[in-house]
Amino acid sequence: MTIFIILVCIIALLFLAINLIFAPHNPKVWLRKSPEIRDKLSNSGELLKLLIPSRNGNVMSGWINYSCMVTSQKILEKGMDYRGSKSITVQNNIIVKEQRVDGNWWGINLPHIRCTLVGFERNYPVRIPSNQMNITRNYSTLSAEPANLKLDPWFVTGFTDGEGSFMLSIIKDSKYKLGWRVACIFAISLSKVDLYLLNNIQKFFGVGNIIRMGKDMESIQYRVESLKDLSIIINHFDKYLLKTKKYADYALFKLAYDLIINKSHLTQEGLLKLVSLKANLNNGLSETLSVAFPNSTPVLRPEVEIAGYQDINPFWLTGFVNGEGCFNVGIFKSETSRLGEATKLSFIITQSARDEDLMKNLIEYFKCGYMCSENRGTIDFKITKFSDILNIVVPFFAKYPLQGNKSLDFQSFLEAVKLVQSKDHLTLEGLNKIRTIKTGMNKNRKFI
């Protein structure tokens, strides 16, 4: 039996040695459903980081791991999930998720070690395994980031400032004593292509559900309405404050929550208070409620004092841009250009005119940009000067990454920035490359 174990260990070591010798040192070229060539990105393999020390305490994974070399990961078979890496197509600049690797079991005394491919995870000088990764299942095959990403609390608040809603539902229902059913609801609604991002937000809070909405089920919504679960939501936003005028909605939402949790909504007086709160919350009272409660008096909407630009957290700003920002690649006719067309790159944040003070703070924060109002009721913060985009916008979002579909738009935008920086946009070939980038980003992006 001892000889058998030794032979198995020798075979395993030979297998690893062969992979070390013959593993290519250049990014792996691979195929997926179509003959498009795809290159490994530099962060390939970040999901699987649970490394295995040897039995005597030395590090087994201390060698340099080049692309497609094998390293050991301690994880049960049933716990395996999709890899945390991503790849980019050379032709279309489309980022796709790699699927899980069907590796082989090996080991006698460590029966739950699985050999799994890890690319560009270099120099693992660890003495103990890292904490086991969190696993999120059933996210889209096409994704911008690993599904186990841990969101910063300020990112969640910033994203809520852009995409979240604090709602009070008052619906006629004869099953209730007063004839009305009331509920507080926190929700974030997105396109289905950002399912992974909502999964991570759900994981961040640890409560709530994700549901599909719309006629064609093209929209998804993260929704929390249990009173117990809403206490977690409220605790978060009490600690990480909203920075837009949406804070006023949150303040009214909290008052409604307190009335409901104290069972005041079961009395006529309490119900009238809730109707008064709803009158100034979001879109106000529906026609049904206005007719049913003609004498209700709206409560005053709380005044929101916008803090100075010094109080803007960079993770909050990234989350806010993830919801409200836009990276735009424009091509316009130009009489001064030899090609008859020119390129204009813009970073834009659009917000309600009521948040003008916040937009002014963004100018101070970035030390560049300007405000303009092209549509009634909205205001834009724009950065269009190329040197500002190159030296301020790009480094900021490289340091504080965007998530989900917005990160794909930023990657496309970055490709256009590189073409402009190298002056390639002044050639017909370069301009056509920019045109291709433009037609494949933002609302024009196609998912597979």
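Mentor: The bridge partner of Ile210 in strand S10 is Tyr222. Strands here are DSSP runs (E, at least two residues) and helices are runs of H or I with at least four residues, both numbered from the N terminus. This is a predicted model, in which local features need pLDDT of at least 70 and side-chain atom pairs count only at pLDDT 80 or more, while totals for chains, interfaces and linings use all residues. Residues are numbered from 1 along each chain as its sequence is written, and side-chain values use heavy atoms, leaving out hydrogens and water.

The open sheet is formed by 4 strands in the order S7-S8-S10-S9, with antiparallel pairing; two strands pair if DSSP finds at least two bridges between them. Strand S7 (164–172) and strand S9 (209–213) stand at the edges with a single partner strand each, so one side of each has no neighbour in the sheet. On average, neighbouring strands of this sheet are turned by 40° against each other, direction ignored. Axes are lines fitted to C-alpha atoms, for helices over the stretch in contact, and angles run from 0 to 180 degrees between N-to-C directions.

Helix H2 packs on the sheet, where H2 touches S7 and strand S8 (180–191), and the direction of H2 makes about 105° with that of S8. Contact means heavy atoms within 4.5 Å. Helix H6 (residues 268–278) also packs on the sheet and touches S7 and S8; the direction of H6 makes about 135° with that of S7.
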